[in-house]
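Hi,

Here is the structure I said I'd pass on to you. Have a look at it first, and then read on for what turned up.

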Amino acid sequence: MPKISLRGMEMPASPIRKLVPLANKVKAQGVKVYHLNIGQPDILTPQVGLDALKNIDLKILEYSPSDGLQSFREKLVKYYQKFDINVQADEIIVTTGGSEAINFAFGACLDPGDEIIVPEPTYANYFAFALALGVRIKTIKTRIEDGFALPPVEKFEELITPKTKAILICSPNNPTGTLYTEQEMNQLRDIVKKYDLFLFSDEVYREFCYTGEPYVSSFHLKGIENNVVMVDSVSKRYSECGIRIGAIVTKNKEVRNTAMKWGQARLSPPLLGQIVAEASLDTSDEYMQSVYNEYISRRDFLVERLNRIPGCFTPVPRGAFYTVVRLPVDDADQFCAWCLNDFSHEGQTVMLAPASGFYATPGLGRNEARIAYVLNKEDLSKALIVLEKALEAYPHKA
């Protein structure tokens with residue numbers, strides 16, 4: 001029988017989804033599983049988006065342009081202006097989710113063997129996208145004790161080699177909930193400018209910043225306009241993960257023209273998803289504010305309860321809807337699997353994402369897990385009771 005590729009064997013399994021078979025098995029046995037492992041909000045999709053889907057009156061569901069519907073891109077321009085992000089419609093390429101935007105950015109800017117610097121822990125799929133294209137990720141460590149703040153410039157410069165082509169950030173951050181400050185963003189600007197690097201900036205959670213300080217986008221950084229490639233998505237802000245609509249945004253014409261070759265090769269982004277996403281840009285301020293308030297309430301509830309559990313520690317996330325928690329266990333991968341395989345409390349268990357999969361450095365994150373606070377507070381409370389009971393019963397303490 002032919003062998004699969006070495007690249008396929010090296011492709012990392014998702015820490016978010018790899019335990020799904022275990023969860024499905026216990027669900028079939030009647031166990032209630034509280035999903036804290038995946039960033040799938042339980043927030044209702046805006047009605048304007050749902051209405052647009054119901055009222056589609058097309059006789060042919062045809063290809064859209066490879067760079068996305070013109071009307072959608074023009075509407076995105078106005079949306080970005082609310083955040084003082086000034087772009088033109090032709091500087092936006094609509095993609096099949098933020099994941100494809102990252103693939104386009106890597107494909108347009110990086111060659112096999114090139115290196116990019118990424119703070120860890122980081123969104124696990126970056127590793128997979130890089131591996132698929134032969135790109136090497138070099139990670140720079142951040143620490144839970146420091147709220148996962150960026151280390152000083154010198155730590156970045158220690159990693160820079162002639163093969164370094166880019167720095168990749170996610171702010172607000174998945175998995176940590178970290179929001180980079182103006183000082184941290186200016187530090188990145190200076191490094192990018194000094195070494196003439198690309199700055200890939202994943203900004204899909206920009207609506208969810210909880211500090212009261214002005215949001216700092218990569219597009220606010222002066223002097224590196226042609227170095228910046230921003231990744232965006234409607235999945236989280238409108239609770240529309242399933243329509244698979246994202247975007248790559250850059251003022252660098254050469255990058256856009258190259259990314260369009262990738263866009264043409266995959267033909268077009270989803271037509272129906274773009275229709276829903278375009279309508280969703282008319283979502284009311286009241287809806288957005290209510291969602292924002294809900295996540296702050298959940299965050300505060302979760303952090304307070306987690307830090308009351310003996311042996312647990314999590315910093316206060318400043319954005320997104322994730323946090324990384326240190327657990328009093330010797331191996332969080334084994335603990336998360338044990339919760340599904342061997343434990344239940346009153347017919348319930350909990351599913352977390354082991355944090356080791358968000359690190360590239362072996363051994364890091366071994367006693368940490370990512371929690372997505374995407375459940376209502378009633379379910380969140382029940383899930384935390386189950387988690388505390390599981391930690392009490394777990395035989396392999398730290």
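Before we start, one term: a residue is called buried when its relative accessible area is under 20%. Also keep in mind that this is a predicted model.

With that cut-off in hand, take helix H10 (residues 271-280). Eight of its 10 residues are buried, so H10 is largely enclosed by the rest of the structure. The buried ones are Leu271, Gly273, Gln274, Val276, Ala277, Glu278, Ala279 and Ser280. What do they pack against? Their neighbours are H3, H4 and E2.

The contact with H3 (residues 47-54) can be described in some detail: the two helix axes come within 8 Å and cross at roughly 145°, and the crossing is right-handed. On the H3 side you'll find Val48, Gly49, Ala52 and Leu53, which meet Ile275, Val276, Ala279 and Ser280 of H10. Sorted by type, the residues of this contact are six nonpolar and two polar, with no charged ones.

Next, the aromatic rings. There are 18 aromatic pairs in the whole structure. Take phenylalanine 83 and tyrosine 215: their ring centres are 6.3 Å apart and their planes stand at 80°, so this pair is edge-to-face. Phenylalanine 83 sits in the loop between helix H4 (70-81) and strand E2 (92-95), while tyrosine 215 sits in the loop between strands E6 (198-202) and E7 (228-233), so the pair ties together parts that are 132 residues apart in sequence. Tyrosine 215 is buried, at a relative accessible area of 14%.

For a stacked pair, go to tryptophan 338 and phenylalanine 343, with 5.2 Å from centre to centre and 25° between the planes. Both of these residues are buried. There is also an aromatic cluster, made up of Tyr205, Phe208, Tyr295, Phe321, Tyr322 and Tyr373.

Last, a sheet. In general, strands of a sheet pair through backbone hydrogen bonds, in either a parallel or an antiparallel way. Which way is it here? This open sheet of three strands, in the order E9-E12-E11, has antiparallel pairing. Strands E9 (322-326) and E11 (353-354) are at the edges with a single partner strand each, so one side of each has no neighbour in the sheet. E9 and E12 (residues 368-372) are joined by five bridges; threonine 323, for example, has isoleucine 371 in E12 as its bridge partner.

Enjoy looking around!

How values were computed
Residues are numbered from 1 along each chain as its sequence is written. This is a predicted model: local features need pLDDT of at least 70, side-chain atom pairs count only at pLDDT 80 or more; totals for chains, interfaces and linings use all residues. Side-chain values use heavy atoms; hydrogens and water are left out. Two strands pair if DSSP finds at least two bridges between them. Helices (H or I, at least four residues) and strands (E, at least two) are DSSP runs, numbered from the N terminus. Axes are lines fitted to C-alpha atoms, for helices over the stretch in contact, and angles run from 0 to 180 degrees between N-to-C directions. A crossing is left-handed if the near helix is turned anticlockwise from the far one by less than a right angle, and right-handed if clockwise. Contact means heavy atoms within 4.5 Å. Ala, Val, Leu, Ile, Met, Phe, Trp, Tyr, Cys and Pro count as nonpolar, Asp, Glu, Lys and Arg as charged, and the others, Gly among them, as polar. Rings of Phe, Tyr and Trp (its six-membered ring) pair if their centres lie within 6.5 Å; planes under 30 degrees apart count as stacked, over 60 as edge-to-face and the rest as tilted. Buried means under 20% relative accessible area, exposed over 50%, partly exposed in between (1.4 Å probe, protein chains only).
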